Amino acid sequence: MKSSNNSLEFLPTTFILVGIPGLEEEHIWMSIPFSLMYIIIFLGNGTIIHVIRTDAALHQPMYLFLAMLALAEVGVSASTLPTVLGIFLFGTTEISFDACLLQMFSIHSFSIMESAVLLAMSVDRFVAIYSPLRYTAILTLPRIFGTGAVIGLKSIMLMAPLPMLLRRLPFCGHNVLSHSYCLHPNLIHLPCGDISINNIYGLFIVTSTFGLDSLLIVVSYGLILHTVLNIATKEGRKKALNTCGSHVCAVLAYYVPMIGLSMVHRFGHHVSPLLHAMMANAYLFFPPVVNPIVYSIKTKEIRRGIVRMLSEKRSRV
C-alpha cells in the first residue's frame, strides 16, 4: 500500500472473479458443460497434434500450420481452466494479483498466436492454389518452423509490457472482474489513475495483430478467389475452393466471437453482465471446440490419420 497526493492508492492482493452472473446457484451444474468443453478441446486438439506429429504423410505445410493452431488453442484453454473450473466446481472466486496478470498474459499471447497462425494458413492456401508447382519449394520445413518461432516470439514480446503497465496503476479498492478469468479489456476498467498509455498500447496490439491479420486474410482470400475464377474447368475450381473450406470455418469461428466481444466491451456498458460473460466464453471456447471437429470432418487426410491411429491402437490390444 502507498500514499500519493493525500489519496489512498494500492495494488490489490487479489481479484474477485465472476462465474455466470445471475446463475450463481447453478454453478455446480454449469461445471458439467464447461468440463465437457475442456475434454473436447484437449482430446480433439491433442489428437490432431498427435496424428500430425506421428504420421509422416501429414508433414506438409498445411497440416503443420494446423498443428500450430491446435497447440495455440490448447494453450488458451489451459490458461483459463484453473479459474473456470475453480469457480464452477469449488466456488473459488479469488485470484492473486500476480496470478491474474500471468493468466491475462497467457490468454492474450496464445490468442495472438492463433490469429497469426490463421494468417499463415491463408497464405499457405494462396500459394497452394496460385503456384502449386512451386508450393513445396516456397513453403519449406525450415520456413514453416521459422514462421512458427517468429509468431511465438512476436506474441510474447507484444504482450510483455502489459502486465508492467498495469502494475504501475492505482486500483483504489476496485478488484471485481466481470469474467471467470483475467482479460485486459476487463482489467483496464478497474484502475482509478490515468490509463491513457495502457489504452494506446492495447489499441496498438489489437490493430497490429488482430486488425492487420484479419485484413491480410481478407486480401489473401481475395487473391485466392481471383485465381480460382481463372481456372478453366469447373471441377478444378471446385477442388481448389474445397481446400479452403476448413480454414474459412476456422477463421469465422475465431473472428466472429472476437468481434462480438470487442463490440460489447467498447459499446455495451449498459448491457446485461450475462451478455458480457456469454460473449467472453464464446470467444475463448467456441474456436478450440469447433475447429478439431471441423478439420476432422472436412479434411480426409486428418480423418485417415485418426482412423489409422485408432486401428494401430486396436491391433496392439
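Predicted model: local features only at pLDDT ≥ 70, side-chain atom pairs only at ≥ 80, totals over all residues.
Residues are numbered from 1 along each chain as its sequence is written, and side-chain values use heavy atoms, with hydrogens and water left out.

**The link of Cys-172 and Cys-192**

- The S-S bond of Cys-172 and Cys-192 has 50 degrees about it, making this link right-handed.
- Distant parts of the chain are tied together here: Cys-172 is in the loop between α6 and α7, and Cys-192 is in the loop between α7 and α8 (196–229), 20 residues apart. Helices are DSSP runs (H or I, at least four residues), numbered from the N terminus.
- Cys-172 is partly exposed because its relative accessible area is 28%, and Cys-192 counts as partly exposed because its relative accessibility is 38%. For these labels, buried means under 20% relative accessible area, exposed means over 50%, and partly exposed lies in between (1.4 Å probe, protein chains only).

**The link of Cys-100 and Cys-182**

- Cys-100 is joined to Cys-182 by a disulfide, with an S to S distance of 2.0 Å.
- This pair also links distant parts of the chain, 82 residues apart: Cys-100 belongs to helix α3, while Cys-182 sits in the loop between α6 (161–167) and α7 (184–187).
- At -120 degrees about the S-S bond, the link of Cys-100 and Cys-182 is left-handed.
- Cys-100 and Cys-182 are both buried.

**Cysteines in no disulfide**

- Cys-244 is in no disulfide, and the nearest cysteine sulfur, that of Cys-249, is 11 Å away.
- Cys-249 is likewise in no disulfide, with the sulfur of Cys-244 as its nearest cysteine sulfur at 11 Å.
- Cys-244 is buried because its relative accessible area is 3%, whereas Cys-249 counts as partly exposed at 32% relative accessibility.

**Asp-124 in helix α3**

- Asp-124 lies in helix α3, which covers residues 97–130.
- With a relative accessible area of 2%, Asp-124 is buried.
- Apart from neighbours within four places in sequence, Asp-124 is in contact with Pro-61, Met-62, Phe-65, Tyr-135 and Leu-139, where contact means heavy atoms within 4.5 Å.

How values were computed: Helix = DSSP H or I, 4+ residues; strand = E, 2+ residues; numbered from the N terminus. Disulfide = S-S within 2.5 Å.
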